[in-house]
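This report is written for a reader who is meeting the structure for the first time. Please look at the sequence and the model before reading on.

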Amino acid sequence: MMNSIYLSATVVAFMACCVSSDIAQVKYLGGITFLLKDRCPEYASDFEIDNYKQCAENEILHTQCTTDRLLTGDKLTVPLFTDICSAVCWGEDVKKIHDCPYNGRRLDGKGKPGSARVDQGLADRFLG
């Protein structure tokens with residue numbers, strides 16, 4: 001059991017070190033770190049990159065989420081992009097995403113400080 005935990009931690013640490021610059025580590029609710037799409041993909045054109053830069057200078061950059069309804073009727077909200085400008089550059093339909101209820105905290109220190117709420121533990125109906 002301990003070996004599998006160590007192996008899992010090693011793989012996650014290795015992946016975090018090798019992530020390309022278009023992915024950012026963002027801490028969200030419950031202190032969970034998500035790998036979110038950031039800025040523009042490597043294959044983006046100069047025009048798309050310029051649009052991203054202009055957007056980032058003029059918009060409030062807030063973590064972007066998607067929300068799905070589960071069979072139970074409950075809603076599940078998860079972060080997808082570091083901000084709206086990144087979502088647009090990645091070609092996401094902005095009608096399918098929204099500002100997350102809490103702004104995630106980037107682990108690279110870029111952007112505004114995220115919500116302190118992301119460090120608090122989670123509890124649900126199963127856990128209590």
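The sections below describe the basis of the model, a strand hairpin and the disulfides.

## Basis of the model

This is a predicted model, in which local features need pLDDT of at least 70 and side-chain atom pairs count only at pLDDT 80 or more, while totals for chains, interfaces and linings use all residues. Residues are numbered from 1 along each chain as its sequence is written, and side-chain values use heavy atoms, with hydrogens and water left out.

Strand S3 (residues 64–69) and strand S4 (residues 75–81) run antiparallel and are joined by six bridges. Helices (H or I, at least four residues) and strands (E, at least two) are DSSP runs, numbered from the N terminus, and two strands pair if DSSP finds at least two bridges between them.

Arg69 stands opposite Lys75 in S4. Five residues lie between the two strands of this hairpin, where Gly73 takes a positive phi near 95 degrees.

## Three disulfides

The structure holds three disulfides, each being a pair of cysteine sulfur atoms within 2.5 Å. With bonded cysteines counted along the chain, the disulfides follow the pattern 1-5, 2-4, 3-6.

## Cys40 and Cys89

Cys40 is joined to Cys89 with an S to S distance of 1.9 Å, and this disulfide is right-handed because the torsion about its S-S bond is about 110 degrees. The pair links distant parts of the chain, 49 residues apart, with Cys40 in the loop between strand S2 (32–37) and helix H2 (46–58) and Cys89 in helix H3 (residues 84–89). Both Cys40 and Cys89 are buried, where buried means under 20% relative accessible area, exposed over 50%, and partly exposed in between (1.4 Å probe, protein chains only).

## Cys55 and Cys85

A disulfide with an S to S distance of 2.0 Å joins Cys55 to Cys85, and with -75 degrees about the S-S bond this link is left-handed. Because Cys55 lies in helix H2 and Cys85 in helix H3, the pair ties together parts that are 30 residues apart in sequence. Cys55 counts as partly exposed at 22% relative accessibility, whereas Cys85 is buried, with a relative accessible area of 2%.

## Cys65 and Cys100

Cys65 is joined to Cys100 with an S to S distance of 1.8 Å, and the torsion about the S-S bond is about 100 degrees, so this disulfide is right-handed. Since Cys65 lies in strand S3 and Cys100 in the loop between strand S5 (98–99) and strand S6 (105–106), the pair ties together parts that are 35 residues apart in sequence. Cys65 counts as buried at 0% relative accessibility, and Cys100 counts as buried at 4%.
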